[in-house]
Amino acid sequence: MSSVLWLQAGACSGNTMSFLNAEEPSVVDLIVDFGLELLWHPSLGMELGENATKIFRDCASGERDLDIFVLEGSIIKGPDGSGTMDVFADRPMIDWVTELAEAASIVVAIGDCACWGGIPAMAPNPSDSTGLQFHKRERGGFLGPDWRSKSGLPVINIPGCPAHPDWITQILVALATGRAGDIALDDLHRPQTFFKTFTQTGCTRVQFFEYKQSTFSFGEGTRTGCLFYEFGCRGPMTHSPCNRILWNRQSSKTRAGMPCLGCTEPEFPFFDLAPGTVFKTQKVSGTIPKEVPEGSDHLTYMAHAAAARIAAPAWSKEDMFVV
Amino acid sequence: MTAVDSSAGSVDLFVSPMGRVEGDLDVRVTIEDGVVTSAWTEAAMFRGFEMILRGKDPQAGLVVTPRICGICGGSHLYKACYALDTAWKTHVPQNATLIRNIAQACETLQSIPRYFYALFAIDLVNKNYAGNPMYDEAVRRFAPYVGTSYQKGVVLSGKPVEVYAIFGGQWPHSSFMVPGGVMSAPNLADVTRATAILNHWKDNWLEKEWLGCSIDRWMEIKTWEDMQAWVNENESQYNSDCGFFIRYALEIGLDKYGAGCGNFIAPGTYLEPSLYENPTVEGRQDALIGRGGVYANGQHFDYDQMLVSEDVTHSFYSGSRPLHPWEGETDPLDPVKSREKGKYSWAKSPRYEVPGLGRTPLEAGPLARRVAAGAPNPGSHQDSDPLFIDMLAKLGPSVFVRQMARMHEAPKYFTWVMDWLSKIDLQGSFHTKPAELENGKGWGATEAARGALQDWIVIENGKIANYQVITPTAWNIGPRDSEGTLGPIEQALIGTPIKDMEDPVELGHVARSFDSCLVCTVHAYDGKTGRELNNFVINGMV
């Protein structure tokens, strides 16, 4: 049995809502079948009265064993480092986070906000938000670059806005069933098993990408083409399993005609949503994508694209996702 | 930990984690002779989304505002999109309106059971009710994780948002609604699967677990007497979760407190596709299917967004007078220092200029919508439903009536969604490319599961000059205004009887009946001795 304490700092609860969509295991399965001991969660369970604050205090002091501390939401340091823009159970949340992170065997950051600051940390960052161990792509964040939990691990980052429920539940089950050793992390402390692949891996539009055939409008226009060329899709540059492990067991943004916004990467929201950057591919010389797929360069990309367009079969210019 | 008022004979409760959607809520309560006599609700977290949006791409709100609240993210997207539609004067094909309606309603259908079982019903098994003859049955059904109804309700709540994902790619946090329509164009199997998923949800939760009868039978209920007769009509209805809840709620007195201000705001939602192909601020209310309206002092008024303003007298922001959101400001202050000036919350106080009454706090939420649906002179395309006008007249507002208003929407919206699904013209258009105007003003509104949700946008020189969001939680938990008038939840807490000072579950019922998305911490003080009796945390949806 593993004990879990889940708190929300500068959060929207999107990761919790996502978590509640889980099946195999569902939240109920995790607790009833896998014996996960959810000590407290903002939207689950029923500890009232003295109990909740006592749980936080006992976990922080070490009186009660805390195996996994899950944090959702940004670390709010404002104003002036006081943390009083986010007060929880009578104290700045940063005080709880400091103590609970020290006390827990493993610390898990769920969602972009807890991983690297997320949308609250976007310019001008009014709440002085940051992530647990990263600020955007920069190492450090709230706990510092060298921080390690009691078990010797850095903060495990499960990014996304929100994180997919399976990325959360399968990691919790892995930790709860003694498979922590199988969780290999990448440079950004993300479990590789989920984040080695690209969002584009498994995208139903990948054949259009192969032949450089674009979608030209939303709505019925998305019955054909790839969203990379005109609509700013970040699928080829973003690491996630969104098209391997579908959302709500049904679909993904790119399958439904929505460009990937790159929300598992620390720069999300990209370009700080400056005018002209939302749902629009940034280009050089008016036609060439400013960013090309990871590992490629402009010259190689253009040569490949020219050849691909010549090779494009007739069907790649027609609607594919038809009624 | 601060006692508010230590005058003799009174006891102060200070409530911090209570349940959440947009951060944390602290509630301080003064108690005299076992009854709440005053209350202060304090939103305890600030992220500054309106400041973040300033100077950004006009469409930034489609990405940013859903992240204000992950439980209502689809509702945020829906109104952010209409704010742009009105600012850019777009054309929205009828298919796109249908899909926006379906997605918005599916988010609400998700919220209804998830909220009821995961948040509200767990208080029904509080040990304070252990002596009640119905208690064992309540525990069997509603106990967290192991209750038979809890398991089904919480797990099946994920089904309606599978339909959202079919059209929007994922839930929560899609941005698939864009000015001029939607990004997706469904195919045949998308629509048939969506229909099948919703039928599964209806068969396995809505009719089987919750109602114990058909949707049609439930929708025949027009009065409080009809509802009572429905409970006793047969064993299936009597023993359904709904039948049991009605009986249990009356048994433990949930109809006796939590009245609130008794005045309501609903901008309304769900647009009739043929009446809103060219969205305008002025044309919106007549095009609504789920009607909007304001109800104050027993009178119905048409809803007019120009009459909304926000007051920051007791909020941690600078500002000297109430402002309409197009002129609204968000300039945060140091919360510790500004407490000395009597400020106590990160929520602003939204107010509505009711003709003849002046700026008035109004309750947002399902009960407000149900009251609006009972107003006279509905259009032929509009919801017209007398049930909650009748229940308010006979029972008055309370925790129970608010709760029933929310649950009544499940069968109603299910029926609407099925109708909208059947009307999608798969061969038709789903998006009209808009002209991205350099300048403009827009307003978008909807009804999130928990009530009125609205954006006001000002676009200048191709970027956002001002963006203001008023959430239902702000309407409900907002603090006192410049007149000292209490916000709706502050008012609703007053008069609540507290049986057990060590475990004031009644406060949880009241706060949770508004389904405000905040976690709350509670502290109890004995006013006579200043001794802290109690502090506790009530969780909720953030």
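The buried residues of helix H12(B) are Asp241(B), Cys242(B), Gly243(B), Phe244(B), Phe245(B), Ile246(B), Arg247(B), Tyr248(B) and Ala249(B). Because nine of the eleven residues of this helix (residues 241–251) are buried, H12(B) is largely enclosed by the rest of the structure. The model is predicted. A search of the whole structure finds 45 salt bridges over all chains, and the count of cavities of 30 Å³ or more comes to nine.

**Helices**

- After H12(B) comes Gly253(B), with a positive phi near 85°.
- In chain A, helix H6 covers residues 165–176, and its twelve residues should span 16 Å at 1.5 Å a residue. The C-alpha atoms at its ends are 16 Å apart, which agrees with that figure.
- H6(A) is mostly covered, with ten of its twelve residues buried. Among them are Pro165(A), Asp166(A), Trp167(A), Ile168(A) and Thr169(A). Ile171(A), Leu172(A), Val173(A), Ala174(A) and Leu175(A) are also buried.

**Two single residues**

- Arg217(B) belongs to helix H9 (residues 215–219) of chain B. Its relative accessible area is 18%, under the 20% cut-off, so Arg217(B) counts as buried.
- With neighbours within four places in sequence left aside, Arg217(B) is in contact with Trp230(B), Glu233(B) and Gln237(B).
- Asn51(A) lies in helix H3 (residues 50–61) of chain A.
- From Asn51(A) to Ile94(A) the separation is 43 residues in sequence and 21 Å in space, C-alpha to C-alpha.

**Salt bridges in chain B**

- Side chains of opposite charge can pair when their charged atoms come close.
- Glu42(B) and Arg339(B) form a salt bridge through their side chains, at 3.1 Å from N to O. This pair links distant parts of the chain, 297 residues apart: Glu42(B) is in strand E3 (residues 35–43) and Arg339(B) is in helix H14 (residues 335–339).
- Glu42(B) is buried, at 2% relative accessible area, whereas Arg339(B) is partly exposed, at 41%.
- Lys256(B) and Asp255(B) also meet in a salt bridge, at 2.9 Å from N to O. Lys256(B) is exposed, with a relative accessible area of 64%, but Asp255(B) is buried, with 15%.
- In a further salt bridge, the side chains of Glu363(B) and Arg402(B) meet at 2.8 Å, N to O. The pair links distant parts of the chain, with Glu363(B) in strand E14 (residues 363–364) and Arg402(B) in helix H17 (residues 399–423), 39 residues apart.
- Glu363(B) is buried, with a relative accessible area of 1%, and Arg402(B) is buried, also with a value of 1%.
- Salt bridges with shared partners join Arg369(B), Arg370(B), Asp383(B), Asp385(B), Glu409(B), Lys412(B) and Glu447(B) into one network.

**The second largest cavity**

- The second largest cavity has a volume of about 260 Å³.
- Its lining has 24 residues, and those nearest the centre are Gly232(A), Arg234(A), Phe271(A), Thr277(A) and Lys280(A).
- By type, the lining of this cavity divides into 16 nonpolar, four polar and four charged residues.

Definitions and conventions. Residues numbered from 1 in each chain as written. Chains lettered and ligands numbered in written order. Predicted model: local features only at pLDDT ≥ 70, side-chain atom pairs only at ≥ 80, totals over all residues. Heavy atoms only, no water. Helix = DSSP H or I, 4+ residues; strand = E, 2+ residues; numbered from the N terminus. Buried < 20%, exposed > 50% of the residue type's maximum accessible area, 1.4 Å probe, protein only. Contact = heavy atoms within 4.5 Å. Expected span 1.5 Å × (residues − 1). 1 Å grid on protein atoms, 1.4 Å probe; cavity = no way out; pocket = protein on both sides within 12 Å on 5 of 7 lines; lining within 4 Å. Points joined across faces, edges and corners; volume = space filled by probe spheres on them. Nonpolar A, V, L, I, M, F, W, Y, C, P; charged D, E, K, R; others polar. Salt bridge = Lys/Arg side-chain N within 4 Å of Asp/Glu carboxyl O.
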